[in-house]
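Hi,

Here is the structure I said I would pass on.

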Amino acid sequence: MLTMLQTLPNAASQAIAAAAAAQSGATAPSARTFWMPPGASTIAPGVDLTLEVINWICYFFFAIIVALMVYFVAKYRHRRGERFRTEFPHHNTPLEIGWSVLPTLIVIGIFVVGFRSYLDIYTAPKNAFDIKVTAQKWGWTFQYPNGAQSDDLYVPAGKPVRLVLRSSDVLHSLYIPDFRVKRDVVPGRYSYMWFQCDHPTGLPAAEVRDPNAKTVAGPLDASQRHALFCTEYCGTGHSKMNRYVYVLDETTFGEWMTKQAQWIDEIPEEELYFKAGPKLFQRCVQCHSLDGVNGIGPSWKGIVERVKGYPMVGEGKKYATYQDYIRTSILAPGDYVVPPYANAMPTFKGQLNDKAIDALIGYMEHLDDFDPKTGKYLKAPAAK
Amino acid sequence: MTTIPLPTSGPVRDTLEARPDSDNYLTHTRGVLSWVFTLDHKRIGVMYMWAVLASFLLGGIFALLLRTELLTPGPTITDDANVYNKWFTLHGAIMVFLVIIPSIPAALGNVILPIMLGAKDVAFPKLNLFSFYLWMSGAVLCVLSLAMGGFDTGWTFYTPYSTTTDTGGVIPVLTAVFLLGFSSIFTGLNFVVTVHKLRPPGMTWFRMPLFLWALYATAIIQVLATPVLGITLLLLIVERTINIGIFNPSMGGDPVLYQHFFWFYSHPAVYIMILPAMGIISEIIAINSHRSIFGYRFIAFSSIAIAMFSFIVWGHHMFTSGQSALMNTLFSAISFSVAIPSAVKVFNWVATLYKGSVSLTTPMWYALAFIFLFTIGGLTGLHLATLSTDVHLHDTYFVVAHFHYVMMGSALIAMIGGLHHWWPKMFGRMYHEKLGTVACWIIFIGFNVTFFTQFMLGSQGMPRRYYDYQPEFQVYHVISTIGSYIMAFGFTLTAVSLFGSLFGGPKAPANPWGGRSLEWQCASPPPFDNFAKTPRAGDCYDFSAVHWDEKTGGYWVDESADAAKDGSHA
């Protein structure tokens, strides 16, 4: 019987894979069902099947228990004054053995089905494409082998992708519901997760995230992007750490990766602040505003003048220029924290190179050219 | 000091009519100090009851606040995510530590356990009072922590967030929980000794009412598991104050180690919550079906088995934390083993209805609701014990729905059912029966509306502890919040039914339900010292000698018929 159980999920997943292969050319993930979101990864069918197996067992037992309960209460209802029934069984050994052994066998079956699909989730294929992920309060940075960095997760279609996860501060957890994968991101340690998605979504149509939005944007459409959530509570911005996963076919992915690695290098110095500034500012907007309202960190409105006036900034002092102080704040933020702010800023060392820092400093210097609510460049309509 | 003598021989009519205005444990001594320094387990239990119910109100208010915030994505009633984070943290911490864990053992258990044993009190009455004051100090510190800035760590206090967050109430609440833990340990110790040493003649282990088996198994867990929580909380406090680094990776510590320590207690803790509840359900179903419980021995053994197994499954809370695949596999497999005794208990309860004579009293409605809700809660545990589905469902609303079905829909519902069941005994007043039944239905409907939708929310991918969420989840949240308002209304009606009875409600007979266990053989409310003479225990699930007495509006037990039939009690 056990061998039968073991072959069952295999047969089923093979059937699913065969059906999927028969429709190859279809580029849509499986449809959203009553319980599950669209399934877009190679292990999703196995997980969904496991869930269905468990569900139907649950429906069956729930129905029997509740039906019997209702039936017995109705049939053996006692009315005031009637005599109590006296002919009832105290126990029934065969029945009790039966209803202990049968559920035991069933749960063994459920365990086996779950275990087999779990091994698929846990074990990354050897030829996986590695992407480094850094989680911090409250955002993600995805780093690619060629040095490209991105706020959203772009992955190649049809290839196994392995995420190498680390946190710079507290526990986070990376969860992509459509791929049925999740892994806690632990500070001080690397952990791995993997997935493979065979259905390209293409590049995002437009800038989808408004940094000043009061709520995260939607709707989700699995043919265009997949949601990525932080799912281990990490403080104020825990529910705002959402990002998207874009799946690109091989050529597009290669082009994207190259462009992403070089995008800031190709911008002339004098255009850095309005071409790169707003894009980089997306990483800062969780804590810093442009309109004067202080949040977890000070607002950037008027920041250059303020920094110039700090006691440790100036000729012969610890920070000779205001650019020095701003640069140190980005790379080693605990060095000097202006009260009353807490030492809560994560370091961006390794994530923002010199050009990026120049872009941000330029952004701060030219803040009047940008809309304080949206951060958009006001001077030239064609600019980013 | 007047005591009510027990009839000792001959055909006996239960003359222990309700006399709530004559001498009983509530009126035996007067004045605030007589309560403050009481050693009477019944008074201690009653004080616990009021304190636990007040905490339930407070925890419930936080729940309504957070559910209201979740009516819309983004800000609804607060635009500060920190405030929301404090609400869900407080809701969880108050409900777990101040309500569900102590409610049945400390409130109902303290009142009923010694009387069910025919004893005058627990083994260590002073320790019992000390436990109560430990609980009160914990509760006061918890409220104080709100004034000191609150805490936003989640009730689980995961590191490193809990060791680095700068809300001011963290150390006070950790100390509070430490004290509450000791309250729990001492209560458990007291009950273990009482059950071992103070059983009356004739009450062998297998003649004990199942509520006592349940409380005994719970007490074992309380004594063995809670110290681990105490030390873990101490480590957190030390980490926060002097930064020893045990959970700090940059100092060589391990944040996941905290999770192991925490769940090593907190998994057994959930069985502290559910085992006594199951004991209550066994009592209510047997008495209201007027027949013996089906499979008594199995239910008794399964309580102990569940208590033992509960210590070896904690890792199923940590499948995505970085545990090795081997650990995950072991924990998953063993977790299924705990499901079996629980399932068989449900079968036994349903089988007890078979060929019974079912009276649909308010406690019975609560027991039937328990079977419905615990079945759902327990079955959804299968989804979470299964490795591959848990990867998808962990830390989503599916988990929230699962544990509310077992903690609230089962443990709390059983507690309220037990409260109705023993209310006439405790206070000598009958609550309003029809209102109680209607309130039970409203709570049941509201509960399902609130939490069934959360299963779907979770499986569709909505994470937990989220202040803001994707707009497509909104419809589920709106339905869930409406359910919570329905439940709040139901609980209000329950309060009116119960508390209203204290102000001139009808007097309760000694045995309103026809029970055979010893608490029904003394007056309602019981006298100060429970029994003048230690009674002899018979078969507490033999209802053949129980008869309805129209005059008193209760049942009486024909002791002679019973004695003739059942020769030796030894």
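Below is what turned up, going from chain B to the interface and then to chain A.

Before anything else, keep in mind that this is a predicted model.

**Chain B overall**

The secondary structure of chain B amounts to 16 helices and two strands. Its C-alpha trace spans about 75 × 45 × 45 Å along the principal axes. How does the radius of gyration of chain B sit with that of a compact globule? For 570 residues such a globule would come out near 25 Å, and chain B has 24 Å, so the two agree.

**Helix packing inside chain B**

As a reminder, two packed helices are described by the angle between their axes and the distance between the axes.

The crossing of H3(B) and H13(B) is left-handed. On the H3(B) side the contact is made by Ile100(B), Ser103(B), Ile104(B), Leu108(B), Val111(B) and Ile112(B). H13(B) answers with Met407(B), Ala411(B), Leu412(B), Met415(B), Gly418(B), Trp422(B) and Met426(B). By class, the contact of H3(B) with H13(B) has eleven nonpolar residues, two polar and no charged ones.

The second pair is H2(B), residues 41-69, with H15(B), residues 474-501. Here the angle is about 155 degrees and the axes are 9 Å apart. With over 145 degrees as the cut-off, that makes H2(B) roughly antiparallel to H15(B). H2(B) also passes H15(B) in a left-handed crossing. H2(B) brings Gly60(B), Ala63(B), Leu64(B), Arg67(B) and Thr68(B) to the contact, while H15(B) brings Ser480(B), Thr481(B), Ser484(B) and Ala488(B). The class count for the contact of H2(B) with H15(B) is three nonpolar, five polar and one charged.

The strands of chain B are S1(B), residues 546-549, and S2(B), residues 554-557; they run antiparallel and are joined by four bridges. One of the bridge pairs is His547(B) with Trp556(B) in S2(B). Four residues sit between the strands of this hairpin, and Gly553(B) takes a positive phi near 70 degrees there.

Most residues other than glycine have a negative phi, and most peptide bonds are trans. Phe157(B) is not a glycine, yet has a positive phi of about 55 degrees. You'll find Phe157(B) in the loop between H4(B), residues 125-147, and H5(B).

**Where the chains meet**

How many residues of chain B are in contact with chain A? There are 77 of them, and they touch 78 residues of chain A. The largest share, 13 residues, comes from H10(B). By class, the chain B side has 40 nonpolar, 30 polar and seven charged residues.

H10(B) also packs against H2(A), residues 44-75, at an angle of about 20 degrees with the axes 8 Å apart. H2(A) and H10(B) are therefore roughly parallel, and their crossing is left-handed. The contact takes Ile65(A), Leu68(A), Met69(A), Phe72(A) and Val73(A) from H2(A), and Val346(B), Val350(B) and Leu353(B) from H10(B). In this contact there are eight nonpolar residues, no polar and no charged.

Chain A has an open sheet of five strands with mixed pairing, in the order S3-S2-S1-S5-S8. S3(A) and S8(A) stand at the edges with a single partner strand each, so one side of each has no neighbour in the sheet. S5(A), residues 160-167, runs antiparallel to S8(A), with six bridges between them. Pro160(A) stands opposite Gln196(A) in S8(A).

Last, the peptide bonds. The bond joining Lys137(A) and Trp138(A) is cis, with omega about -5 degrees; Trp138(A) is in the loop between S1(A) and S2(A). Another cis bond joins Pro339(A) and Pro340(A), with omega about 5 degrees. Pro340(A) lies in the loop between H8(A) and H9(A).

Cheers

Note on methods
Residues numbered from 1 in each chain as written. Chains lettered and ligands numbered in written order. Predicted model: local features only at pLDDT ≥ 70, side-chain atom pairs only at ≥ 80, totals over all residues. Contact = placed C-beta atoms within 7 Å. Nonpolar A, V, L, I, M, F, W, Y, C, P; charged D, E, K, R; others polar. Left-handed = near helix turned anticlockwise from the far one by under 90°. Pairing = 2+ DSSP bridges. Rg over C-alpha atoms; globule rule 2.2 N^0.38 Å. Axes fitted to C-alpha atoms, helices over the stretch in contact; angles between N-to-C directions. Parallel < 35°, antiparallel > 145°, perpendicular 65-115°, else oblique.
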